[in-house]
Each structure stands twice: as structure tokens, then as C-alpha cells.
Amino acid sequence: MINRAEIIETNNMIQDAKLDVRTITMGISLLDCIDSDLDRCCERIYEKITRLAGNLVATGEKIEKEFQIPIVNKRISVTPIALVGGACCKTPGDFVKIAKTLDRAAHTVGVNFLGGYSALVSKGMTQADKNLILSIPEALSTTSLLCSSINVGSTKTGIDMDAVEMLGHIIKETAEATKEDSCLGCAKLVIFCNAPDDNPFMAGAFHGVTEADAIINVGVSGPGVVKKALEQVRGESFEVLCETIKKTAFKITRVGQLVAKEASKMLDIPFGIVDLSLAPTPAIGDSVADILKEIGLEHPGAPGTTAALALLNDQVKKGGVMASSYVGGLSGAFIPVSEDQGMIDAVNAGALTLEKLEAMTCVCSVGLDMIAVPGDTKASTLSGIIADEMAIGMINAKTTAVRLIPVIGKGVGDTVEFGGLLGYAPIMPVNSFDCSAFVSRAGRIPAPIHSFKN
Amino acid sequence: MKRAVITVVGKDCVGIIAKTCTYLADNNINILDISQTILQEFFNMVMIVDLKSCEKDFLVIAEELEKLGETMGLVIRIQREDIFDMMHRI
């Protein structure tokens, strides 16, 4: 039988260290909603989402109460819409109609976000892909729960530089279209290399074409729990440090596995994966940066940060993998700036720069995430930053992503407030030397060689 | 067997165990294990119970226990045992 100390340990993790399940995400395939008539396509999409996900929120709340563990978000991911709308959308405006349908369905079922307003263009763009990308500024400024992601590169295909160049402009237009709202549209747009098909985290979630009709994916969190555990082993060797992270990651992931199985059973939808990520929030004590400080850095960004993050990321995976029957998604440590008070402090202290963040993304999951940059940053500069980050993912066979927010009307030294889980961010300086002649070359960067690894 | 863990935390007063156990008995909930201490005047009790003969819905029990706790100025929570088993047993 379970003993008193174990019961208290678990409840302390939940109550004091902010252990939570970050999201239950239902992946829904919309491939069977494809129709040559736009209205009929929208009707089918609305019907399928509201039918399958009608009980998602209530189920999440029931699990929350039965185990007394917070489940912060209930979300939906769908098949990349460029594929679903290709047959009926002849203009960017047609895609916006689907965007509004998705948003309406998300409101009806009561989820926090719906992801999958996406296109997979790692080798080239179809006309539908182009139209979807062109529709992003309007789609994200006229909906509230919709999230968009574009996969522009992969290790197998190289990087589609035409898409990268286009997206520099799209990010700026999205910022402009949502400037009354802190340029929030850009916080809902992610550019990926090697995007996973089963990621439950927003804004980059979509339901890959290789997935089943519907699945349940769960994202766990718990940076506060790791931080608390590491407080007990201050000054100890790397061996003790790593063992502590692994054990904690195991425990956190077990909760995710339990919640995923329960949700799957209650909703009668197969369990997909657990994403064992350390996902911070702006709340005090829920920070990945604080873990790096506990490992021994004054601030993230100090020399040693990349090594510390590499160690953390690897131990989280090692501990988590055994705790779940299926691990997937992004799985690792997230290092968004605006969503992590410790990262914000590091930027304000002058310890953390965009260049150091780029280096950190080589060893952790995701990439340049939730970074506010000056509103007058050129589209070609944004494309250059995206290209750099995509190259890291392509060469190292890992997922990388970019979520930059050029804040219109603001410059270095200002702060932008997004609110809620998205937090607030200091505007970070960007290297302003020109790269327009590079990003405007047409075509793609070829796939890398898979031998001679050095 | 449908086991759950009940934790009772708060300032000590007369009749906490009596009232909690009466409620459980009235609802056919069997107590399998009890451990209780007082830490700096704070009452802290952990119970493992079996709900297999209980006819009420789990969420109703959770709500009623929470209200019972409020009448004594305590926090009473009931959680399905699975979360502890998953975390601490391989």
C-alpha cells in the first residue's frame, strides 16, 4: 500500500511546486472533410470537431477533480489546413473562411486553443500552401483561439527558402494586423524545421497526416518540481544532479501517462503520446531559468548555460522515457522568453542575448520562442533569423522553431504585455546588419549529407 | 476495490476524526488505513479508503467532503489512489 510520505510528496509537488498537466490535446483528422465546395467543407469541419471534442473539456475537468491535479489547457489539433482546404480554397480569403469555422468550433466546445492552421512546405509550396500562408495575417487577426504553424524545412528535404523569405513578410504583416492587441497574432504563429506530427503544445500543434482519425496527446510540465528537488542537492556532483533530475522527470511523466490513459478511456479515443516537456509559465516558481540557476548559473546566458541546458534536457528525456509507454511531441525543456520570469530577468540583467538563445536551441527542444524584437526589424532580417534556426534543426536532425514578435511602435528597452500564459517580454536587440541578398535568392537549401558528422 | 486517498489538513479542533469517519460510514466507505499527527498545532491526517460499496458518484463525495471540511475550518481532499501508485510504484 502507498505510504504517508509518498502521499505527502505528491501533494506537495502539486500544491507547492506547481506540478500540473499542461494540456490534454485531442488530435483530429480532417482529411475526410475535404470537399470541392467551400461551404460544405466548413460544415463538415465544424460537425466533426464539435462531435469528437464535445466532451473534451468536461472530461478534463473530471480528471482534474478525481486526482486533484490541475489540467491547465484543453486543446485541439487538426490536420494541416492547407491539405484540407486545397480542393475548395482558391484564394487566401477562402482559407480565412475555414479559419473562422475552426475558431467557431473551438469556442463551441470550450477549448483554450485550436492548432493546425498549417502548411507543410519543407521542399516546396503548392498554390494552396501559398494561399494559406498569405491568409495568416487576416486569419490570426480575425480569430481568437486559432494557432498557425508552417514547417519550412527538414533533415531529409532541406529548407524551402522561398517560404522562409515569404514568412519574414507574413510575420510583419501579422504584427501590423494585430498591433492594437500587442501584436499577439505573432505569438500564435510558429515556423518549424522537423515539426513533429503529434505535438500537443501550442502554438505549433497540428495533427499529422500519418496519425489515426483521432488521438489524445498529453503534455506534462513541472519545472517547479525539478527546481525544488535540485534545492536538496546543492553542491553535489554531476552524478547526483543528473540522478535527481531523472527521478523527478520520471514522477512527473507518470502523472501525464495516467491522465492520458484516463482521458483516452473516458473519451473512447486512442492514446497517442505523452510529451514530457518542462514548460514554464510566468508564475513565480514555474521557471526553467530557475532550474538553470539552481544548477549553478547566476543567470541563463552566463558561460556554461548551453552545457547546463544540454544536461537538463537529456536527463528529462532519460527519466521520462521509462515512465510512459509512448513518448513523442517535442519532449524536452522549453526556453521561451516571455513565458518564463527567470528568462525575462536574465534579459533585463543583460545576461541573455538572442545569439546565446540561438546557441541554447542547439541542445534543447524547440527554439527561439516568444521573443519580442523591435517593430522596425526588417522582414529580411526576420527571414535570416528563421533560416539560421532552421539550419540548426536541419543539420542536427532535431525540431527547431521560431516564434518572434516584432512589436510595432516599440524598440529596445520597451516591454510588451501579452497577458495570461503568454506573459510579458522585454524587446530584445537584433543584429541589424543586412542579409536581404541572401534570403531573397530563390529556391531551397539542399538536404544535408548524413555522413561525415563533424 | 476502488481505492482513494483522503487528506485532512488544518487547525486542530474537537471531533475531526469522528465527523469525517461518520460521513464515510454513512456512505459505505470503508477505511483501510489511517495515520494522523499534529504538527505545530496543525492537524494532519491521511486515510486510505475503499469506495467499492459507495453508491454516490466520486465527484459528489469529493464535494461533500470539501464542504464538511469547511464547517470545521479544514481542507479535506479525496483523490483516486492511482495517481500515487503511478508516481511511486513501477
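Okay, housekeeping: residues are numbered from 1 along each chain as its sequence is written, and chains are lettered from A in the order in which they are written. As the model is predicted, local features need pLDDT of at least 70, side-chain atom pairs count only at pLDDT 80 or more, and totals for chains, interfaces and linings use all residues.

Let's start inside. The largest nonpolar core has 178 residues; by that I mean buried Ala, Val, Leu, Ile, Met, Phe, Trp, Tyr and Cys joined through C-beta atoms within 7 Å, with buried meaning 20 or more other C-beta atoms within 10 Å of the residue's own. A:V152, A:L167 and A:V255 touch the most other members. Helix 9 of chain A, residues 238-267, gives the largest share, 11 residues. Helices here are DSSP runs of H or I, at least four residues. Domain 1 (22-193) and domain 2 (218-436) of chain A both contribute, so the core lies between them; those bounds come from an automatic or database assignment.

What does A:L167 touch, leaving out residues up to four places away in sequence? A:I133, A:I150, A:V152, A:I191, A:S383 and A:I386, where contact means C-beta atoms within 7 Å.

A:S383 and A:I386 are among the buried residues of helix 14 in chain A.

Last, the chain contact: 18 residues from chain A, 20 from chain B. On chain A's side, helix 1 (4-15), helix 3 (56-67) and helix 9 each give two or more residues.

Methods
A residue is buried if 20 or more other C-beta atoms lie within 10 Å of its own, exposed if 12 or fewer, and partly exposed in between; C-beta atoms are placed from the backbone. Two residues are in contact if their C-beta atoms, placed from the backbone, lie within 7 Å.
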